[in-house]
Amino acid sequence: MAAPRTPNLKPFPPLQNDLILRAARGERTEKVPVWVMRQAGRYLPEYKAAKGDKKFFATCRDPELVSELTIQPVKRFPVDAAIIFSDILVIPIALGMKVANDPGEGPVFAEPILKAEDVDKLKPDFDIQEELGYVYEAITLTRHNLEGKVPLFGFCGAPFTIARFMVENVSAGPNINRTRRFLVECPEAGHRLLNILKDAIVRHLVEQIAAGAQIVQVFDTYAGELGPGLFARYELPMLRAISMEVREKLAERKIAQVPMILFCKDVHFALEELSKSGYEVVGLDWTIPPLHARRLMGPKVTLQGNLDPVMMFTTKEEIRKAVKEMVEKFGTQRYIANLGHGVMKDTDPDHLGEFINAVHKYSEDMNAIS
């Protein structure tokens with residue numbers, strides 16, 4: 001990977017909309033901020049037009065195109081944040097795993113991790129600017145191109161979720177027990193793999209923030225598969241360490257701290273633990289009742305979520321009703337509205353726009369009478 005071009009050293013434009021940052025910090029907001037996971041992507045016709053036939057990973061390595069794709073939803077919708085167009089699998093690639101296909105086109109990696117010795121083939125001391133500098137260049141460029149309209153998210157996958165791709169080669173078919181089996185059959189190698197990923201994630205998040213990301217999210221899409229025992233033993237310590245070590249490294253480099261969000265899908269069994277894991281915000285999937293989450297997680301953490309993404313396929317009237325109920329249950333403070341998982345590729349953009357507008361409308365109305 002070629003080294004990135006000289007970064008833009010001009011000051012970033014002043015931020016005009018800090019709703020999401022205030023909500024993350026627990027400060028009062030006049031309305032509920034809203035963004036959606038997979039916000040920049042294939043449900044948008046302008047995404048398809050801009051990307052054309054370019055391969056997915058090649059797209060991720062093109063900072064100018066990444067910036068354009070990242071900003072497309074901001075131009076179309078009144079969202080309160082942009083999220084950089086990238087992928088969680090850039091980390092295993094940086095660690096030395098060879099790509100076989102783009103995601104969704106068959107096995108992603110030519111040689112998945114199948115035995116303990118395969119962990120030793122990884123290169124944990126990779127040059128992060130050499131391998132992932134294209135991500136940071138895209139973030140800096142996008143901060144300027146956004147012109148301060150909204151904050152910019154950086155992100156990464158969590159250790160277990162990334163490991164699942166590395167071990168199971170997810171696009172090759174359902175092998176949902178293989179990673180969990182690897183952890184219990186090869187506990188020493190399993191811990192080593194998760195620690196290698198944790199260290200790479202920390203470095204990646206710090207560099208994204210240094211490049212201009214104003215808030216970051218850790219995605220743990222497959223965390224629920226671990227169940228209470230394996231999650232507490234293997235993954236929860238890693239998630240806590242990521243939050244702590246990112247903050248320590250930012251302080252060492254005298255880089256301003258930014259809010260951190262943790263999204264663990266299907267982890268109903270550990271809501272209290274997630275609320276105490278060191279993140280300002282905890283994202284919830286659509287299966288968790290808002291009132292139940294508020295009760296368990298307490299007043300000191302901001303919640304994010306959690307409308308079922310399939311609700312984008314119902315009528316606009318039903319979307320508005322669902323949003324109203326969701327906002328009423330979460331409340332308008334210490335809350336960031338989102339879907340309970342990523343926006344689906346066949347979603348009608350107009351329906352997503354209805355969701356976003358409804359969040360703002362109902363939350364403003366509720367604040368007006370409170």
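How far apart are the end C-alpha atoms over residues 33–42, and what are the helix and strand percentages there? The end C-alpha atoms of this stretch are 23 Å apart, and the chain over residues 33–42 is 0% helix and 0% strand. The model is predicted: local features need pLDDT of at least 70, side-chain atom pairs count only at pLDDT 80 or more, and totals for chains, interfaces and linings use all residues. Residues are numbered from 1 along each chain as its sequence is written, and side-chain values use heavy atoms, with hydrogens and water left out. Helices (H or I, at least four residues) and strands (E, at least two) are DSSP runs, numbered from the N terminus.

**Record annotation**

- In an unreviewed UniProt entry, the annotation "domain: Uroporphyrinogen decarboxylase (URO-D)" covers residues 33–42; such annotations may be inferred rather than shown by experiment.

**The sheet**

- An open sheet is formed by seven strands in the order E1-E2-E3-E4-E5-E6-E7, with parallel pairing; two strands pair if DSSP finds at least two bridges between them.
- Its edge strands, each pairing on one side only, are E1 (82–83) and E7 (335–339).
- Strand E4 (residues 260–264) runs parallel to strand E5 (residues 281–283), and three bridges join them. Ile261 has Val281 as its bridge partner in E5.
- Helix H10 lies across E2 (152–157), E3 (215–220) and E4, and runs at about 170° to E2.

**Helix H10 with helix H11**

- H10 (residues 187–211) and H11 (residues 227–252) pack at about 30° with axes 9 Å apart. This makes H10 roughly parallel to H11; angles under 35 degrees count as roughly parallel, over 145 as roughly antiparallel, 65 to 115 as roughly perpendicular and the rest as oblique.
- Axes are lines fitted to C-alpha atoms, for helices over the stretch in contact, and angles run from 0 to 180 degrees between N-to-C directions.
- The H10–H11 crossing is right-handed, that is, the near helix is turned clockwise from the far one by less than a right angle.
- Residues of H10 including Leu194, Ile201 and Leu205 meet residues of H11 including Met238, Ile242 and Val246; contact means heavy atoms within 4.5 Å.
- The residues of the H10–H11 contact comprise 13 nonpolar, two polar and six charged. Ala, Val, Leu, Ile, Met, Phe, Trp, Tyr, Cys and Pro count as nonpolar, Asp, Glu, Lys and Arg as charged, and the others, Gly among them, as polar.

**Further helix pairs**

- The axes of H7 (residues 128–146) and H10 come within 9 Å and cross at roughly 40°, which makes H7 oblique to H10. The crossing of H7 and H10 is right-handed.
- Ile128, Gln129, Leu132, Val135, Tyr136, Ile139 and Thr140 in H7 contact Arg203, His204, Glu207, Gln208 and Ala211 in H10. By class, the residues of the H7–H10 contact are six nonpolar, four polar and two charged.
- The axes of H8 (residues 159–168) and H11 come within 9 Å, crossing at roughly 120°; H8 and H11 are therefore oblique to each other.
- Pro159, Phe160 and Thr161 of H8 make this contact with Glu235, Met238, Leu239 and Ile242 of H11. The residues of the H8–H11 contact are five nonpolar, one polar and one charged.

**Backbone geometry**

- Most residues other than glycine have a negative phi, and most peptide bonds are trans.
- Lys254, in the loop between H11 and E4, has a positive phi near 60°.
- The peptide bond from Gly305 to Asn306 is cis, with omega near -10°; Asn306 is in strand E6 (residues 302–307).
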